[in-house]
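Here's a quick tour for anyone meeting this structure for the first time. Take a look at the sequence and the fold, then follow the notes below.

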Amino acid sequence: MSAPTPDAGPALAALPELAARLADPFRAAAFTVDGVAGALGADAGAALDRGEPEPAARAVGDAGPLATLVRLFLLGEARPAPDVAAALHPVGLDDAVRAGLLRRDGGAVTAALDVRPHADEHGSWWVLSDLELRPDDAAGSPDRAREHVLGTGAASLSLARATVRRPVGTLLDLGAGCGVQTLHASGHAATLTATDVSERALALARASFAISGVEVEVLAGPWWEPVAGRRFDQVVCNPPFVPGPPEIEHVYRDAGLGGDGASELLVSTLPAYLAEGGVGQLLASWLITRPDVEAARAAGDPHDGWDARPRRWLAAAAEAAAPGELDAWVVQRDVVDPGLHVGSWLRDAGVDPASPAGRARSARWLDFFAEHDVVGIGFGFVTLRRTTSGVPGTVVCEDMRQAHGDPLGPEVEAWLDRVAWLRGHDLLDEALVVPPTTALERGYTPAAPEEDDGGDPAWRRIGGTLVRLDGPQWRHDLDELGEALLAGCRGHLPLRDLCVLLALAHGRDAGELTAAALPVVREIFLHGMVVPR
């Protein structure tokens, strides 16, 4: 996803063929997600997920092919060569060393690559990637650190959980890395295409596909170049989205464009590669600048300026969707200050921010942010859909920093469905109902002495909040009129009539009340808190 990188080398070129032969011995040893979970148990498995290997080592024992594979690949231990040979049989140990999967050290064998089982409700696979970066890798092996290929990291898993999984004919994984998104897509896409600029990443992706038995078209090249002129039913992308100076220290993280250039490029151009009705989803980051924050506050914008840059990109994306229209949902999941952003990504790359090298890099990054008046960095998901309905698309940018139920993918599907439904319906003409997943919370404070009417206790109401009990757990503050309007949504009367009746009951102008209520109900509808009868 950035500048071209060196060739993967002859060792990794042989890896896919070897990987295809490893599937049988891995299955025979139960080196799968379920097999490992059963061998470790819940407590040791949770400890391993926290980076604490000793409970897992005690649980898995020391004998048998599964113990050997778990200790070799998941715990990072050196194992006796005869044990490894037995676990890989009939694949030869020497073949695995020559292919770059393993290393010999006297009579012991260690893993040269990260290999781990991976699964979701639709499939079970293995993922091959580079070993985790250590603090001395960046200084001692800069080329290795630059070309490092991530495995099943937090970002890739969050995108996988947020991806729409409806059946499609063609799917593109742009900047596929080791192929995690492609593997997840194999359960719902008939034809898969994976691209990356890194030849090393593509070699590991081919190995992941081969061992998992997934057929994929694999193409090399930067950005959209490998698929120029093509359109897809679905595009997924976990790009090098990390904002920073215009340089490339790590191919998986840095695009070399400076700032949030990678996210801008992808969001603004992705619709041109979508078929009619096609959906694109990607992780993205955006700079939040002082001028945008000040302008938003002056205008009374509740977003506080974080959405200024994404909205500019979406304007370009709408042009890329032509002659179709664009639906877009930008969800901000987190915001960090520049210092936390820099420190987090240095640690992610194995660099101690307190070391001399870490301080020098921190200074360079923080200088870049200061020069561009950056006060925060936002991170989240972008969902785009290209339509040819002739009706203007729906564009929404909103915060989702609250806790939410996983996976997010079904909620994205539902949001797209709601937007499509609104295209063909007038909310005012529809009878709506409040689903059982919506609740109303009411807040009270103790009443002042002069307000006490003798009741016990004396409370003064301060407001109500509509709450979504599942999924994103949206919350909307309501006044008494809003509560009354939603109380009337029982599927009997259209919203227009409810607004008229509410206006009569409260001595309000029906037209004004209807105009004020419609955008509120529309937002609540998009959040799944009222639904058609």
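Two strands count as paired if DSSP finds at least two bridges between them. Helices (H or I, at least four residues) and strands (E, at least two) are DSSP runs, numbered from the N terminus. What you're looking at is a predicted model, where local features need pLDDT of at least 70, side-chain atom pairs count only at pLDDT 80 or more, and totals for chains, interfaces and linings use all residues. Residues are numbered from 1 along each chain as its sequence is written, and side-chain values use heavy atoms, with hydrogens and water left out.

**The β1-β3-β2 sheet**

- Three strands make up an open sheet in the order β1-β3-β2, and the pairing is antiparallel.
- At the edges stand β1 (79-80) and β2 (102-105); each has a single partner strand, so one side of each is left without a neighbour in the sheet.
- Helix α5 (residues 65-74) packs on this sheet and touches β1, β2 and β3 (contact means heavy atoms within 4.5 Å).
- The direction of α5 makes about 60° with that of β3; such angles run from 0 to 180 degrees between N-to-C directions, with axes being lines fitted to C-alpha atoms, for helices over the stretch in contact.
- Between β2 and β3 (residues 108-111) there are 4 bridges, in the antiparallel sense, and Arg103 has Thr110 of β3 as its bridge partner.

**The β18-β14-β19 sheet**

- Another open sheet of 3 strands runs in the order β18-β14-β19, again with antiparallel pairing.
- Its edge strands are β18 (490-494) and β19 (531-532), each pairing on one side only.

**Strand β12 and its partners**

- Is β12 (374-387) mostly covered or mostly open? It's mostly covered, with 12 of its 14 residues buried (under 20% relative accessible area; exposed is over 50%, partly exposed is in between, using a 1.4 Å probe and protein chains only).
- β10 (274-289) pairs with β12 in the antiparallel sense over 11 bridges, and Leu287 stands opposite Ile377 of β12.
- Strand β11 (residues 325-336) also runs antiparallel to β12, joined by 11 bridges; here Val330 sits opposite Val382 of β12.

**Helices and what covers them**

- Helix α18 (residues 409-423) has 15 residues and reaches 22 Å from its first C-alpha to its last, close to the 21 Å expected; that expected span is 1.5 Å times one less than the number of residues.
- Buried residues of α18 include Trp415, Leu416, Val419 and Trp421.
- In helix α10 (residues 154-162), the buried residues are Ser156, Ser158, Leu159, Ala160 and Ala162, and what covers them includes α18, β10 and β12.
- Helix α19 (residues 480-487) has Leu481, Gly482, Glu483, Leu485 and Leu486 buried, with α20 (495-506) and α21 (510-526) among the elements covering them.
- Asp479 caps the N-terminal end of α19, with a side-chain oxygen 3.2 Å from the backbone nitrogen of Leu481.
- Helix α2 (residues 15-28) packs against α12 (199-212) at an angle of about 35°, with their axes 7 Å apart.
- On the α2 side the contact includes Leu15, Pro16 and Phe26, and on the α12 side it includes Leu204, Ala207 and Ile211.

**Loops worth a look**

- Ser198 lies in the loop between β7 (189-196) and α12, and it is buried, with a relative accessible area of 3%.
- A polar atom of the Ser198 side chain lies 3.0 Å from the backbone nitrogen of Ala201.
- Most residues other than glycine have a negative phi, and most peptide bonds are trans.
- Which peptide bond is cis, with omega near 15°? That's the one from His89 to Pro90, and Pro90 is in the loop between α6 (81-88) and α7 (93-98).
- The bond from Ala322 to Pro323 is cis as well, with omega near 10°; Pro323 sits in the loop between α15 (308-321) and β11.
- Ala30 isn't a glycine, yet its phi is positive at about 65°; it is partly exposed, with a relative accessible area of 30%.
- Trp223 also has a positive phi, near 50°, and it counts as buried at 14% relative accessibility.

Definitions and conventions: Polar contact = N/O pair within 3.5 Å; in protein donor to acceptor, adjacent residues only side chain to side chain.
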